[in-house]
Amino acid sequence: MDDSPFLKDDYHILNFVPLGHIIIDEAFRVLFWNQRMEEWSKIPAKQMVGKSLLELYPHLKESKYLTRMKMMFETGSPVVFSAQLQKYFIPIKTSDGKQWVLQQTMINPFKRVKGRVRWALVTIQDVTDPLTRLKEYRVMLNEVEAANKELDAFAHTVSHDLRAPLRLITACVRFLREDHMKDFSPEVRNYIQRIDKGVRRLQSMIDDLLKLSRISRIRNPYEDTDMVRLVRSVVERLEYDIEHNNVEMVIAPDMPVISCDCIKMAEVFQNLINNAIKFSSRGNRDKRPRIEIGYQDFSPQEHLFWVADNGIGIEEKYHKQVFELFRRTEEAKGYDGTGAGLSIVKKVIDDHGGDIWIESQLGEGTTFKFTIPKKKIGEEHG
Amino acid sequence: MELTERQRDVLTEVFNIGVGRAASSLSDLVQTEVKLQIPEIAIISQEDIPKQLQEISDRSLSLVEQKFQCSFSGKAALIFPTDDAAKLVSVLSGEEIGSPGLDSVKEGTITEVGNIIINALLGSISNFLDETMEFTLPLYQEAHVNEIKPIDEVEARHVTIVCKTRFDVEDLRIEGHFMMYINVTAVDRLMSIIDKRIEEMM
Amino acid sequence: MAKLKVLVIEDNEDDVFLVKKILGDLGYDLLVAMNGEEGIEKAKTEKPDIVIIDTILPGMDGFQVCEAIKGLPENKAKVIINTGNIDAIDATRARKAGSDEYVAKTSDFQYVIEAIRKLTGEGD
């Protein structure tokens with residue numbers, strides 16, 4: 001059909017869009033085949049025009065395609081073929097030849113003559129990348145999750161099994177110290193003190209490891225959580241220490257409702273506030289210890305929360321170290337009043353997809369700031 | 001506006017024809033039996049729409065919408081709680097039911113499902129009225145139920161035909177709501193044609 | 001005042017050593033069994049006041065042993081389940097098995113001692 005109106009200028013503009021466009025008539029003859037379709041099918045428009053789409057691509061005769069396309073011509077209702085439920089509309093291989101181009105296809109009838117639909121516009125969108133990337137991403141996610149689970153189980157088993165022999169050593173050292181030190185030379189007493197110190201250190205490391213592995217193992221589903229109520233209930237639990245240290249607590253009233261693991265989030269605030277209590281009550285006794293918990297709408301994608309104290313502050317070189325579990329310097333360890341607390345806090349924030357950092361100088365108090373991604377409605381979370 | 005029992009029966013019959021077609025279309029598509037039923041039909045006034053939507057979900061809703069035009073115009077939508085839409089898509093595409101949300105690819109899939117249902121139901125109506133209909137392309141929308149404004153043209157004298165649409169596929173049962181938003185005159189016309197048919201049957 | 005008779009059912013030698021020293025120092029009359037069957041037998045014949053059972057044992061586990069002892073006719077012994085790993089799930093099992101206390105093992109057996117005192121009204 002050399003004189004098809006479509007080879008002229010009328011629909012020429014459809015050649016400049018990155019979508020595949022085909023115009024067909026009720027007999028499924030091709031009236032227009034745009035540039036993108038030429039590239040994909042490797043067949044020039046001149047060769048396609050006038051041919052039957054069904055003959056060229058016989059799979060379209062299957063009822064799942066044909067019935068709906070016929071109904072479209074009869075009733076005028078547009079048809080959608082999605083990438084997940086159909087393999088493709090037109091079989092096209094990707095440029096590396098390794099897979100089919102996955103397509104989201106819409107067929108829209110237009111041009112009615114005497115109430116009957118004569119022509120329809122097929123629009124094919126290449127969604128290969130998002131779909132395969134999504135599949136690859138899911139596979140990777142599964143693998144990472146499996147690896148993490150194994151690691152956590154390992155950490156749990158290790159720390160659990162280490163405790164029995166440790167109990168024995170701790171007890172025996174205690175028996176020696178309580179009842180037999182006077183029988184020993186100063187040298188032996190020295191060795192025993194050192195064994196004792198080492199064992200205590202070991203004990204606390206294993207307890208920390210166990211705590212951390214427990215946090216990882218237990219996953220709670222995300223819920224919409226009123227942060228003001230959450231923080232208030234945590235503060236209530238710490239009431240004794242707060243009063244005992246005469247701490248002034250300021251909680252921002254404008255904190256939002258966010259989607260999170262509320263049990264773990266409570267643990268985050270408990271650890272940070274506990275830490276703040278310890279540090280603001282030390283050192284500088286001139287001013288009354290003060291802890292402020294606040295919120296800022298950080299960005300369209302993230303919430304920002306902070307816990308600030310007016311204590312001794314943390315030198316900048318330790319700002320990253322304080323969150324590590326082991327391998328911390330003695331100095332850095334001194335800044336985590338809760339033992340493994342800050343590592344746990346960091347783990348929970350990381351799991352939520354957020355970031356945590358410190359703003360502090362020596363002598364100027366410390367602010368722990370962390371972000372939590374805002375839940376986009378319907379987005380995968382938790 | 002209340003439907004008499006007879007009117008309800010006829011209307012249900014009309015929609016059931018459509019839904020039957022949609023079910024066989026979907027079954028063919030996913031190579032698994034998909035059952036579709038309309039267990040309930042009601043006509044509600046415009047003011048009751050927000051409450052109806054709240055009943056569907058108090059959180060996020062997924063909608064596939066198409067506008068249509070015959071001797072009257074209106075808007076049709078298939079509505080699910082977003083989590084249910086995600087489950088339905090997973091089961092239909094043969095994947096494990098995983099995350100509760102819909103990514104852009106899954107949106108494409110639910111659009112196809114919505115398109116099949118809406119076409120079938122509106123097609124049934126247009127057959128019944130013996131009129132030709134024109135449609136717009138299906139559009140996917142997702143929003144928190146409190147933020148939804150499903151009706152652009154806020155004209156007072158519109159009503160909505162609401163059909164509960166029950167999907168049964170594999171072990172999953174999901175209920176969507178099919179809503180047809182049209183003006184009162186159109187509904188009156190629809191009802192009078194229904195009444196005529198009822199008389200013809202007697 | 002008669003010495004309290006305490007039966008310890010524990011398969012780990014080190015824990016047996018520790019419990020003998022610590023509870024022995026407190027003046028209790030100690031008996032030891034290294035598995036469930038032996039423990040149940042001794043509970044029958046010796047009629048201890050307190051039975052301390054480890055959760056992990058060869059053969060029957062601690063919960064089963066607890067149930068068996070509690071089920072003995074004329075049993076008056078209080079049972080303390082002693083574990084190296086406190087767990088919400090195990091706590092429920094301990095309760096269902098009829099134990100009077102469920103405590104964690106520590107190097108000084110502090111919780112066990114507190115439990116004994118609580119159950120016998122000692123020190124009140």
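**Figure 1. Getting to know chain A.** Of the 382 residues of chain A, 31% count as buried. Please keep in mind while you look around that this is a predicted model. Chain A contains 11 helices and 12 strands. Among its contacts between residues at least 6 apart in sequence, 61% join residues at least 24 apart.

**Figure 2. How confident is the prediction in chain A?** The mean pLDDT of chain A is 84, with 93% of its residues at 70 or more. Which elements mark the two ends of the confidence range in chain A? Strand β9 (residues 290-296) of chain A has the highest confidence, at a mean of 94, and helix α10 (residues 330-334) of chain A the lowest, at 70. Now look at residues 377-382 of chain A, where pLDDT stays under 50. For this stretch the model has 18 contacts beyond four places in sequence.

**Figure 3. A five-stranded sheet in chain A.** Follow the strands across this open sheet and you meet them in the order β2-β1-β5-β4-β3 (chain A), paired antiparallel. Which strands sit at the edges? They are β2 (30-33) and β3 (79-81) of chain A, each of which pairs on one side only. From one strand to the next, the twist averages 20°. As a reminder, strands of a sheet pair through backbone hydrogen bonds, either parallel or antiparallel.

Figure 4. Look for F81(A), which stands opposite T105(A) in β4(A). Helix α4 (residues 63-75) of chain A lies across β3, β4 and β5 (116-126) of chain A, and runs at about 30° to β4(A). A helix from the other chain joins in: α4(B) packs on the sheet and touches β3 and β4 of chain A. The direction of α4(B) makes about 145° with that of β3(A).

**Figure 5. A close look at V79(A).** This residue, V79(A), lies in strand β3 of chain A. Is V79(A) buried or exposed? V79(A) counts as buried because it has 24 C-beta neighbours inside 10 Å, and 20 or more are needed for that label. Leaving aside neighbours within four places in sequence, V79(A) is in contact with R68(A), M69(A), M72(A), I107(A) and N115(B). Y65(A) is 14 residues away from V79(A) along the chain, and the C-alpha atoms of the two are separated by 9.5 Å.

Figure 6. Five helices and seven strands make up the secondary structure of chain B. Chain B has 202 residues, and 42% of them count as buried. Of the contacts in chain B with a separation of 6 or more, 68% are between residues 24 or more positions apart.

**Figure 7. Where chains A and B touch.** The contact takes 28 residues from chain A and 33 residues from chain B. On the chain B side, α1 (5-30), α3 (82-92), α4 (104-129), β4 (134-135) and β5 (139-144) each supply at least two residues. Which element gives the largest share of the side of chain B that touches chain A? That is α4(B), with 11 residues. Sorted by class, this side of chain B has 12 nonpolar, 16 polar and five charged residues.

**Figure 8. Two helices meeting across the A-B contact.** Helices α4(A) and α1(B) pack at an angle of about 150°, and their axes are 9 Å apart. The two are therefore roughly antiparallel. S63(A), K64(A), T67(A) and R68(A) of α4(A) make this contact with S25(B), D28(B) and L29(B) of α1(B). By class, the residues here are one nonpolar, three polar and three charged.

**Figure 9. Chain C: its contact with chain A, and two loop residues.** Nine residues of chain A are in contact with 10 residues of chain C. On the chain A side they divide into four nonpolar, two polar and three charged. Within chain C, find E74(C) in the loop between α3 (62-70) and β4 (78-83). Its phi is positive, near 65°, in a residue other than glycine. With 6 C-beta neighbours inside 10 Å, E74(C) counts as exposed. F109(C), in the loop between β5 (101-104) and α5 (110-120) of chain C, also has a positive phi, about 55°, although it is not a glycine. F109(C) counts as buried because it has 23 C-beta neighbours inside 10 Å. For background, most residues other than glycine have a negative phi.

Notes. Residues numbered from 1 in each chain as written. Chains lettered and ligands numbered in written order. Predicted model: local features only at pLDDT ≥ 70, side-chain atom pairs only at ≥ 80, totals over all residues. Contact = placed C-beta atoms within 7 Å. Nonpolar A, V, L, I, M, F, W, Y, C, P; charged D, E, K, R; others polar. Helix = DSSP H or I, 4+ residues; strand = E, 2+ residues; numbered from the N terminus. pLDDT = per-residue confidence, 0-100. Pairing = 2+ DSSP bridges. Axes fitted to C-alpha atoms, helices over the stretch in contact; angles between N-to-C directions. Buried ≥ 20, exposed ≤ 12 C-beta atoms within 10 Å, placed from the backbone. Parallel < 35°, antiparallel > 145°, perpendicular 65-115°, else oblique.
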